[in-house]
Amino acid sequence: MDVPVWLWIVFAVTVVVSLTVDLLAHRKAHVIGFKEAGLWSALWVGLALVFGGVVFLTLGTTAGTEYTTAWLLEKSLSVDNLFVFALIFAYFKVPREYQHRVLFFGVIGALVFRAVFLALGVAVVNRFTFVLFLFAAVLFYSSYKILSGQEESFDPGKSFAVRLLRKMMPVQDHYSGTHFVVHEEGRRVATPLLAVVAAIEAADLIFAVDSVPAVLAVSDELFIVYTSNAFAILGLRALYFLLAGLLDRFHYLSHGLAVILAFIAVKLLLQAAHKMISTSIPEIPSPVSLAVIVVILAVSVTLSLRRPPENKDGADAGSSGGK
């Protein structure tokens, strides 16, 4: 795919300007309410769709469809990140007014790491097609773990990044406003806020194991996979605050995500077989993939809302605890 340089520049400028505006708009620590989160969510979704329109007009229908599919796929898979965000914030007892600042720097780290992982993934897939079979196996295993209830628990305090931070410098027990590092008795000391950022970055590395192979099933063009991932990641903070306290109500969503992962695994297998075994083996077109993902998400959300979860003691589902 011949992507013009100006389109890369437009993407980079859009991301930088968006992050700058977001940072300036939230330079004073405050609690993000539902209305504010809703407005920002609409802004990020609108920005992603407008950029998708530019991709359609510039690179064609196929590229535009692949971008939209990859963006929606990453957006749906990142819902699991929201549960982990809630777990991390609860573990470190992060004041609500500091949570946006933490997620802001977490997003910057995620953008950098995804760029590296996706660039490596595209290079490997283009050189070694058989890797697609391995990626499919990873997605099938992830789907199985979700459906069988064997998802690995994430312990924020024991994550590699947090343990590495504690080895590099002492971490104080109390928060010091929005500071990540303070000077205490003549030495630099990390605040719990920095440990929270480290835990969030570690969680994103774990989720990249699923999301990177999944998005590479949609396209092996770096521009498509990275821009779609970037716009999905940019909207994560607003989505978290929009759904905060409601995550448990979408209890069927994890099952839907498991089905999506299995479907994408099948798509990878067919792609690999088409390239390595016989061109007579059909591939799943991107429009079909997009339609399947939309339907699965719609059914999962609808079932979750129509059949609220029940507590073991029979209490109202709306008062249930975190995941």
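Mentor: Two strands count as paired if DSSP finds at least two bridges between them. Helices (DSSP runs of H or I, at least four residues) and strands (runs of E, at least two) are numbered from the N terminus. Before we start: this is a predicted model, where local features need pLDDT of at least 70 and side-chain atom pairs count only at pLDDT 80 or more, while totals for chains, interfaces and linings use all residues. Residues are numbered from 1 along each chain as its sequence is written, and side-chain values use heavy atoms, with hydrogens and water left out.

Let's begin at the strand pair. Strand 1 (residues 181-184) and strand 2 run antiparallel, joined by four bridges. In that pairing, histidine 183 sits opposite arginine 188 of strand 2. The two strands make a hairpin with two residues between them. In the turn you'll find glutamate 185, with a positive phi of about 55°.

Now step off the end of the hairpin. Threonine 191 is in the loop between strand 2 (187-190) and helix 8 (192-216). Is threonine 191 buried or exposed? With a relative accessibility of 0%, it counts as buried, because buried means under 20% relative accessible area, exposed over 50% and partly exposed in between (1.4 Å probe, protein chains only).

What is threonine 191 in contact with? Skip the neighbours within four places in sequence, and you get Val171, Gln172, Ser176, His179, Phe180, Val181 and Val182; contact means heavy atoms within 4.5 Å. Leucine 164, which is 27 residues away in sequence, is 14 Å from threonine 191, C-alpha to C-alpha.

Beyond its neighbours within four places, phenylalanine 89 touches residues including Val196, Ile200 and Tyr240.

Ile200 turns up again in the lining of the largest cavity, with Asn81, Leu103 and Asp204 among the other lining residues. A cavity is a set of points on a 1 Å grid over the protein atoms alone where a 1.4 Å probe fits but cannot get out, and lining residues have an atom within 4 Å of a point. This cavity has a volume of about 90 Å³, meaning the space filled by probe spheres set on points joined across faces, edges and corners. Which helix gives the most to the lining? That's helix 5, with four residues. Helix 4 (79-92), helix 5 (99-127), helix 8 and helix 10 (236-243) each supply at least two.

One last stop: lysine 93, in the loop between helix 4 and helix 5. Its relative accessible area of 69% makes lysine 93 exposed. Lysine 93 isn't a glycine, yet it has a positive phi of about 50°. Most residues other than glycine have a negative phi.

How values were computed: On a 1 Å grid over the protein atoms alone, a cavity is a set of points where a 1.4 Å probe fits but cannot get out, and a pocket is an open set with protein on both sides within 12 Å along at least five of seven lines; lining residues have an atom within 4 Å of a point.
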